[in-house]
Amino acid sequence: METKVSVVLNAVPPYGHVIASEKWRNTSLIKSVKGGGLKILFENELGVADFHLPNKSCILYVSECDIIAGNGYKRKLVRYRNASSSFQQLVLVENTRLSEQYFSAVQRFVVFDLGLTLLPVSGQTEASQLITQMGHGEGRENPFRRRSASRLLDPLVLALVQQVPGVGRVKALALLQHFSSIQQICNAAPAELESVVGQAAAQQIHSFFHKPTTAGS
């Protein structure tokens with residue numbers, strides 16, 4: 001049994017497929033992913049992760065209900081981070097009208113405290129679009145290869161940077177070619193950002209990553 005669980009925990013689906021936790025079987029997200037042309041393989045033994053993707057990433061999905069319900073989601077995130085996984089661990093977090101007051105605290109916990117990659121989504125529809133994109137291997141042959149590090153820019157990280165108001169694809173690429181990680185962008189001073197994207201965008205980026213926490217969040 002342990003061998004089977006170990007195999008499943010490290011299983012990488014082929015492109016065109018996604019491995020999903022059994023609990024997602026009848027959800028709108030899965031219906032949308034299927035509608036995008038992906039085949040779904042359901043498993044009970046994925047551990048804390050909700051999805052395994054062909055680009056050797058796994059996803060933990062944090063819904064607005066998880067966030068509003070209290071700090072239980074934090075324990076789940078810690079277990080996810082501590083799992084002995086060879087996958088790149090991604091966290092999709094619903095940033096909605098109900099959860100937005102808590103979002104900056106969630107963001108700090110995921111990115112700074114745990115060192116994981118966070119991608120905000122408006123709900124299961126947007127999440128299904130991202131999963132579908134990765135499941136089909138879009139971005140696999142990313143043309144924006146960093147010459148110095150010979151490393152592909154992660155399409156998910158690129159998408160996250162583009163979530164910042166005032167930052168389009170061109171500025172996102174410039175940022176990721178100058179700073180090697182989301183953490184470096186978060187920690188950069190406005191003056192450092194300004195040299196890459198200009199004053200207005202630099203202020204917007206700095207404000208996005210340093211929103212004041214709402215009392216009690």
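This report describes the sheet, the helices packed on it, and selected residues of a predicted model.

## Sheet architecture

Six strands form an open sheet with mixed pairing, in the order E2-E1-E3-E4-E5-E6. Strand E2 (39-43) and strand E6 (117-121) are the edge strands, each pairing on one side only. Strands of a sheet pair through backbone hydrogen bonds, in either a parallel or an antiparallel manner.

Strand E1 (residues 17-21) and strand E3 (residues 51-52) run antiparallel and are joined by two bridges. Within this pairing, Ala20 has Phe51 of E3 as its bridge partner.

## Helices on the sheet

Helix H4 (residues 72-82) packs on the sheet, where it touches E4 and strand E5 (88-94). The direction of H4 makes about 175° with that of E4.

Helix H6 (residues 124-135) also packs on the sheet and touches E1, E3, E4, E5 and E6. The direction of H6 makes about 130° with that of E6.

Ser57 belongs to strand E4 (residues 57-62). Its relative accessible area is 1%, so Ser57 is classed as buried, the limit for that class being under 20%.

The side chain of Ser57 makes a polar contact of 3.2 Å with the side chain of Asn55. Leaving aside residues up to four places away in sequence, Ser57 touches Phe51, His52, Phe87, Gln88 and Leu90.

## Cysteines

Cys58 has a relative accessibility of 3% and therefore counts as buried. Cys186 is likewise buried, with a relative accessible area of 1%.

With a disulfide taken as a pair of cysteine sulfur atoms within 2.5 Å, the model has zero disulfides.

Terms used:
Residues numbered from 1 in each chain as written. Predicted model: local features only at pLDDT ≥ 70, side-chain atom pairs only at ≥ 80, totals over all residues. Heavy atoms only, no water. Buried < 20%, exposed > 50% of the residue type's maximum accessible area, 1.4 Å probe, protein only. Helix = DSSP H or I, 4+ residues; strand = E, 2+ residues; numbered from the N terminus. Polar contact = N/O pair within 3.5 Å; in protein donor to acceptor, adjacent residues only side chain to side chain. Contact = heavy atoms within 4.5 Å. Pairing = 2+ DSSP bridges. Axes fitted to C-alpha atoms, helices over the stretch in contact; angles between N-to-C directions.
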